[in-house]
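This report goes through selected helix packing, ligand surroundings and backbone features of one model. Please keep the sequence and the coordinates open while reading.

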Amino acid sequence: MKLVGIVGTNSSESTNRRLLQYMKQHYSEQAEIEICEIDEIPVFNEPEDKTAPQAVQVLSDKIAASDGVIFATPEYDHSIPAVLKNAIEWLSYTTRPLINKPVMIIGASLGALGTSRAQAHLRQILEAPELKALIMPNVEYLLGRALEAFDDDGNMVYKDKAKELDNDFIEFLSFVKLTEKLTANSKFFEISKQFSWKQVANGEDM
Amino acid sequence: MKFIGIVGTNAKKSYNRMLLQFMQKHFANKAEIEILELKDVPMFNESKDQSDSPIIQEFNQKIAASDGVIIATPEHNHSIPAALKSIIEWLSFNLHPLDGKAVMIVGASYNIQGSSRAQLHLRQILDAPGVNASVMPGSEFLLGKAQDAFDDKGNLKAQRTIDFLDSCFAKFMKFSDIIAQMNIPEDITYEPGTFKVTAVGHNGDLPMEVTLSDDRIEKIDIDTSSETQGIADVAFKRIPQQIIDGQTLNVDVVSGASITSRGVVDGVAKAVKMAGANPDILKKRKKSNGPNKQNVVEYQTDVVVVGAGGAGLTAAARTIQQGKKAIVLEKFPAIGGNTVRAGGPMNAADPEWQNKFEEITGERHTLKEISEIDEKTIDAEYLADFKALKKQINEYLKENEDQKAYLFDSKLLHRIQTYLGGKRTDLKGNKIYGQYDLVKELTDHALESVKWLEDIGVKFDKSQVTMPVGALWRRGHKPLGSQGFAFIEALKKYLESNDGQIITDTAAKELIIEDGQVKGIIARSSDGKKIIVHAKAVVLASGGFGANTKMLKKYNTYWSNIDDNIKTTNSPAITGDGIRLGQSAGAELVGMGFSQMMPVSDPETGELFSGLQVPPQNFVMVNQKGKRFVNEYGSRDELTKAAIDNGSLFYLIADDAIKETAYNTSQAQIDKQVEQGTLYRDDTLEGLAKQVGMDPATFVKTINDYNSYVDVGEDPEFHKSAFDLKVEKAPFYATPRKPAVHHTMGGLKIDTDAHVINQDEKIIPGLYAAGEVAGGIHAGNRLGGNSLSDIFTFGRIAANNALKDME
Ligand SMILES: Cc1cc2nc3c(=O)[nH]c(=O)nc-3n(C[C@H](O)[C@H](O)[C@H](O)COP(=O)(O)OP(=O)(O)OC[C@H]3O[C@@H](n4cnc5c(N)ncnc54)[C@H](O)[C@@H]3O)c2cc1C
Ligand SMILES: Cc1cc2nc3c(=O)[nH]c(=O)nc-3n(C[C@H](O)[C@H](O)[C@H](O)COP(=O)(O)O)c2cc1C
Ligand SMILES: Cc1cc2nc3c(=O)[nH]c(=O)nc-3n(C[C@H](O)[C@H](O)[C@H](O)COP(=O)(O)O)c2cc1C
């Protein structure tokens, strides 16, 4: 199985990046996880020609070719970082590769409380009509105190959190398989590809 | 008011931009809205800090200087655009200009339900601790179907939409005012000393020593030996630093060392308590904005003014007009004090103008009454003027005996009315009336003040001459635009474009006095900086003490009782600071026992414009027992006295027809207030009585009696002077009312040159006072419209003499 892991920040020091690296290494038997960065993507500004810049196209192609996507997001000001929102806006405005794509949301934070609000926002965002990702339900993986979570060899120190992630990840793998069946002949896909907020407003659609 | 509008997208074409541009235009006479664009804002990156870049600094500084921020957000993918999120992140990282700032959210989108999801997210984001904005609740302005909403001039097409936007914006103006007041740091004073305390750390006790001066936390020493090295170190360094920099206990705990962090905060809180102060005040303060590079800032100027209300700004403007330098210190974030609250015009006799208008019924009668006053009752200083006025009146009456006349006025009439209106006797039998020379100065120069304000840029509405409540005569000069604000706005513009300096968030604390000469002010800014202003003269213009209940109670000799929780129509900044500053230099006080109350104020807020405010002929006032207790047509004083004697809280009763005569409200507001429980409504009189807790039978009898008095046109109980409607048509209303403090007539003793006079009746060199801070003019009762004349006249006089004395 081929998965894409998106680092939800452009920070050079990121515990979310480390969490994805841990997963890539730890679950290498079950899946091939490719870690993608979003820091090179330019600022979204609704260009009239609706074409994806190079960096967006590259990310989009990887997502399209994958079986599922893992978003690892920090929480900035009770929501997801602007830079992650930026990448998502590009994808929704141009190539729309997330439609019907299985998605797992995780988040790491320095404090004890974690990223629950950011994760909730990300869910709502990915459910927007031009994104329509299939987000794995009932799972909210939060890694608090993330700075001290990994030892020098990249292993997770908190045993309970490691176990929880194992369970969640297995769940996600079966979710991916399940959705393959669901979406094989979904008409939804074409509708979502053509979705436009202008049409909604003009009553032409939905 | 000045607001910043942020276009929440960087797209070339944006309906949200159009919406803000429309608001900018549409509200131009209410507030200035400056629109900021996101186009050049870089993507937020924690590892590449660009907080110092010009674009982010522009956002930072303009927001910090504004009275509030309006964010117009589109909805992108069920949330706010990344570009908007990015600037918010920059403004929550190392800079925090939105902290405590009033924010209004609006949004336009294609979709029918507008940008509702984005607005919700934005609320949550703005509520995050690093942002900590004060977002206006409710009033969600969503512009759906934005592509059809504007005409080709960029104006909103639908009147209903405009009406709703108007009401949201009006609410926001009020909201930003209230938020500004909330941001005033409460003062705190400590018993100075070094306090030994023990807090709880991660590994046990954390002994500390905290050194406090009278108004600052100076030093925090911690015995760090028991805590875990490497983990707690950062907390030991950062937390005390933040506490001292910001003079606050509202600090971010250090992640990974939160227990140690909280221990340090608790320790300091204990010390503060030991020093006799309330640590909660420090916990409510703003977070530190990073190290305070300059803890002491010094200025040099010619005239330093305390208070940016009408009197203060006038003194500063007059100083600058004469080529000298002026600095105004203002305690609040927003300028204007009580002056922006003033709803009426300013009094000045201007016969040339007034004579162009016809007299109205009753005015001739008033003049006759004045001319018939027994001269024996006129105090000696005023007698010559009174005789001269009598002559003027008699000539006028004779000249117009058989014809409709023009509106009469003269400086003498203004003077005598100010004198008669202010004449009162207090509970101890002390008689008071306006000091002749000051009243003469005021009435002789009020018209010059109108002319001077016109030069500064205030535009007056010459088409009508009005009389504010309690003014006794039609001589009101009404500015165009919203009243009090129009004066302040013009003065502010004048100062800004002529190098005048207004320093807000800075409260004057002490006078600098050298060899008996006042030489400047020491002030403290809300972020803890000490501000020293050296000057050749100090003008005290800090207003009265209507918002200082303790002080009112201490001096009161006029009211039988002032409740501890009495409300006020005043700005909360009006706490008598200038009077205390004057006293520190030996100033004499006059007339301090006399204050004016507004009898029909909201019991919870002191506001005048809640409930049903109807013309006095339709007032029906009942006490908490359901009985009438006063001639409702009486003066403010009489109503207030009677209310206080009846336990302060009383009710204005109205029926459906009287409701229609209310001039302050709308059906929507009425319904809302009924729902909120601040106004009572019932289909029967009995039901209404039950709702407010009166005996129904007593109340019904009261109303039936009242109605019968209206029928015969006479009130044998209280002799109400004028009637109009009966209380008979359901539904019935009860508006709870309570007297609130409105004006303080007493204050610093001044002479006609606005010098502050000391207890030996000598001038205090270098010290001047103008406006409500000074006493002597209005004595026992200020006429409506006379205060504005006072502040603009004596504000100018103070500056003129400060400069003259310098030569
Ligand atoms: C609701 C209301 C309606 C009114 N309507 C009328 C009317 O229609 N006509 C009329 O003539 N009068 C009216 N008045 C009265 C009139 O508005 C005031 O008496 C007048 O504005 C006082 O002006 P001022 O310049 O002396 O003080 P203010 O305008 O009150 O200004 C004083 C300023 O000093 C600041 N200050 C206080 N302490 C300090 C300190 N320690 N350091 C620095 N700054 C300080 C305050 O924050 C404030 O900004 C009304 C008053 C109220 C409250
Ligand atoms: C601008 C900004 C805002 C933040 N807001 C929050 C927040 O609201 N809640 C929270 O738990 N952490 C917040 N944080 C802290 C991040 O969650 C923390 O840095 C996290 O560990 C980031 O993940 P990373 O290590 O992968 O960068 C904020 C950080 C920044 C820079
Ligand atoms: C990337 C993108 C995502 C959008 N997502 C939403 C959405 O979730 N909900 C919505 O009501 N409109 C959405 N829209 C449509 C916007 O509401 C519409 O473009 C609107 O005009 C934006 O305001 P503006 O004109 O100020 O840019 C989206 C538009 C873009 C470009």
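What is the handedness of the crossing of H14(B) and H15(B)? The crossing of these two helices is left-handed. The model is a predicted one.

## Helices H14 and H15 of chain B

Helix H14 of chain B covers residues 436-456, and helix H15 of chain B covers residues 483-496. They pack at an angle of about 55°, and their axes are 9 Å apart.

On the H14(B) side, the contact is formed by B:Trp452, B:Leu453 and B:Ile456. These residues meet B:Phe487, B:Ala490, B:Leu491 and B:Tyr494 of H15(B). Sorted by class, the contact of H14(B) with H15(B) has seven nonpolar residues, with no polar and no charged ones.

## Helices H12 and H13 of chain B

Another packed pair in chain B consists of helix H12, residues 380-399, and helix H13, residues 411-422. The angle here is about 130°, and the axes are 9 Å apart. That makes H12(B) oblique to H13(B). The crossing of H12(B) and H13(B) is left-handed.

H12(B) contributes B:Tyr382, B:Asp385, B:Phe386, B:Ala388, B:Leu389 and B:Gln392 to the contact. Facing them in H13(B) are B:Leu412, B:Leu413, B:Arg415, B:Ile416 and B:Tyr419. By class, the contact of H12(B) with H13(B) has eight nonpolar residues, one polar residue and two charged residues.

## Helices H3 and H4 of chain A

In chain A, helix H3 (residues 82-93) packs with helix H4 (residues 116-126) at an angle of about 10°. The two axes are 12 Å apart. The angle makes H3(A) roughly parallel to H4(A).

Which residues of H3(A) and H4(A) meet? A:Leu84, A:Lys85 and A:Ile88 belong to H3(A), and their partners in H4(A) are A:Leu122, A:Ile125 and A:Leu126. By class, the contact of H3(A) with H4(A) has five nonpolar residues, no polar residues and one charged residue.

How many residues are around ligand 1? There are 38, of which B:Glu330, B:Thr339, B:Gly344, B:Glu772 and B:Ser787 come nearest.

Several polar contacts of ligand 1 involve backbone atoms of chain B. An oxygen atom of ligand 1 has a backbone N or O atom of B:Asn338 at 2.9 Å. A polar backbone atom of B:Leu788 lies 2.9 Å from an oxygen atom of ligand 1. For B:Ala508, a polar backbone atom is 2.9 Å from a nitrogen atom of the ligand.

Ligand 2 is surrounded by 19 residues, the closest being A:Ser14, A:Thr15, A:Asn16, A:Glu75 and A:Asp77. The surrounding residues come from chains A and B, so the site of ligand 2 is shared between chains. A polar side-chain atom of A:Thr15 is 2.7 Å from an oxygen atom of ligand 2. Backbone contacts include a polar atom of A:Glu75, 2.9 Å from an oxygen atom of the ligand, and an N or O atom of A:His78, 2.8 Å from an oxygen atom of the ligand.

Around ligand 3 there are 20 residues; B:Ser14, B:Tyr15, B:Asn16, B:Asn77 and B:His78 are the closest. Why is the site of ligand 3 shared between chains? The site is shared because the residues surrounding ligand 3 come from chains A and B. From chain A, a side-chain N or O atom of A:Glu130 lies 3.4 Å from a nitrogen atom of ligand 3. From chain B, a polar backbone atom of B:Tyr15 is 2.6 Å from an oxygen atom of ligand 3, and a side-chain N or O atom of B:Asn16 is 2.6 Å from an oxygen atom of ligand 3.

## Backbone geometry

The peptide bond joining B:Ala730 and B:Pro731 is cis, with omega about 0°. B:Pro731 sits in the loop between helix H22 (696-712) and strand E25 (732-744) of chain B.

In chain A, A:Asn138 is not a glycine, yet its phi is positive, about 65°. The loop that holds A:Asn138 runs between strand E5 (134-135) and strand E6 (141-143) of chain A.

Definitions and conventions:
Residues numbered from 1 in each chain as written. Chains lettered and ligands numbered in written order. Predicted model: local features only at pLDDT ≥ 70, side-chain atom pairs only at ≥ 80, totals over all residues. Heavy atoms only, no water. Axes fitted to C-alpha atoms, helices over the stretch in contact; angles between N-to-C directions. Helix = DSSP H or I, 4+ residues; strand = E, 2+ residues; numbered from the N terminus. Left-handed = near helix turned anticlockwise from the far one by under 90°. Contact = heavy atoms within 4.5 Å. Nonpolar A, V, L, I, M, F, W, Y, C, P; charged D, E, K, R; others polar. Near = heavy atom within 4 Å. Polar contact = N/O pair within 3.5 Å; in protein donor to acceptor, adjacent residues only side chain to side chain. Parallel < 35°, antiparallel > 145°, perpendicular 65-115°, else oblique.
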